[in-house]
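Q: Could you walk me through how to read the links between side chains in a protein model?

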Amino acid sequence: MKIVFVLACFVCVATAYDISSADFCENSRGNLGCLPGQVMVIRDAIYGRESAEPCEGGKNSHTICSANGVKEYVTNKCQGKQRCYLESNNGLFGDPCKDVSKYLHVEFWCQVV
């Protein structure tokens with residue numbers, strides 16, 4: 001007598017989202033956005049400096065620093081919206097590293113609604 005095992009597979013199709021990012025140099029502002037019929041999902045956000053590349057030419061560009069609560073701020077302002085307006089300055093986020101040129105870095109993807 002042979003016993004046959006049947007393995008049932010249920011496939012879940014996951015949509016791969018392209019992660020977009022934007023950098024706003026200190027004391028600048030701009031918009032983030034998705035195409036019509038899509039909304040933003042915020043993956044991460046920092047205000048400070050993680051590398052020398054964004055906003056090159058700033059003072060002490062090799063310093064690593066970041067302010068607290070930035071991801072939460074950006075998520076509250078932009079999550080679930082097609083477009084949002086952001087500012088990048090010490091007045092909003094504090095000054096996590098004095099005398100260092102900072103930037104707001106946001107990572108997000110657009111999700112179909």
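A: Let's begin with a definition: a salt bridge is a side-chain nitrogen of Lys or Arg within 4 Å of a carboxyl oxygen of Asp or Glu. Keep in mind that this model is predicted. Here, lysine 102 makes a salt bridge with aspartate 95, and their closest N and O atoms are 2.9 Å apart. Salt bridges with shared partners put Glu26, Asp95 and Lys102 into one network.

Q: How far apart are the closest N and O atoms of lysine 102 and glutamate 26?

A: They sit 3.8 Å apart, and the pair forms a salt bridge. Lysine 102 is in the loop between helix H2 (90-93) and strand E6 (103-112), while glutamate 26 is in the loop between strand E1 (20-25) and strand E2 (28-33), so this pair ties together parts that are 76 residues apart in sequence.

Q: Is lysine 102 buried or exposed?

A: For this one you need a cut-off: buried means under 20% relative accessible area. Lysine 102 comes out at 2%, so that's buried.

Q: How many salt bridges does a search of the whole structure find?

A: Three. One of them joins glutamate 107 and arginine 43, at 2.9 Å from N to O. That pair links distant parts of the chain, with glutamate 107 in strand E6 and arginine 43 in strand E3 (residues 38-49), 64 residues apart. Arginine 43 is partly exposed, at 45% relative accessibility.

Q: And disulfides? How many are there?

A: For those, you look for a pair of cysteine sulfur atoms within 2.5 Å. The count here is four. Take cysteine 25 and cysteine 55, whose sulfur atoms are 2.0 Å apart. Cysteine 25 is in strand E1 and cysteine 55 in the loop between E3 and strand E4 (65-66), which puts them 30 residues apart. Cysteine 25 is partly exposed at 34%, whereas cysteine 55 is buried at 15%.

Q: What is the torsion about the S-S bond of cysteine 34 and cysteine 110?

A: About -85°, so the disulfide is left-handed. The S to S distance is 2.1 Å, and both cysteines are buried. Cysteine 34 lies in the loop between E2 and E3 and cysteine 110 in strand E6, 76 residues apart.

Q: Which pattern do the disulfides of the chain follow?

A: Count the bonded cysteines along the chain and you get 1-3, 2-8, 4-7, 5-6.

Definitions and conventions. Residues numbered from 1 in each chain as written. Predicted model: local features only at pLDDT ≥ 70, side-chain atom pairs only at ≥ 80, totals over all residues. Heavy atoms only, no water. Helix = DSSP H or I, 4+ residues; strand = E, 2+ residues; numbered from the N terminus. Buried < 20%, exposed > 50% of the residue type's maximum accessible area, 1.4 Å probe, protein only.
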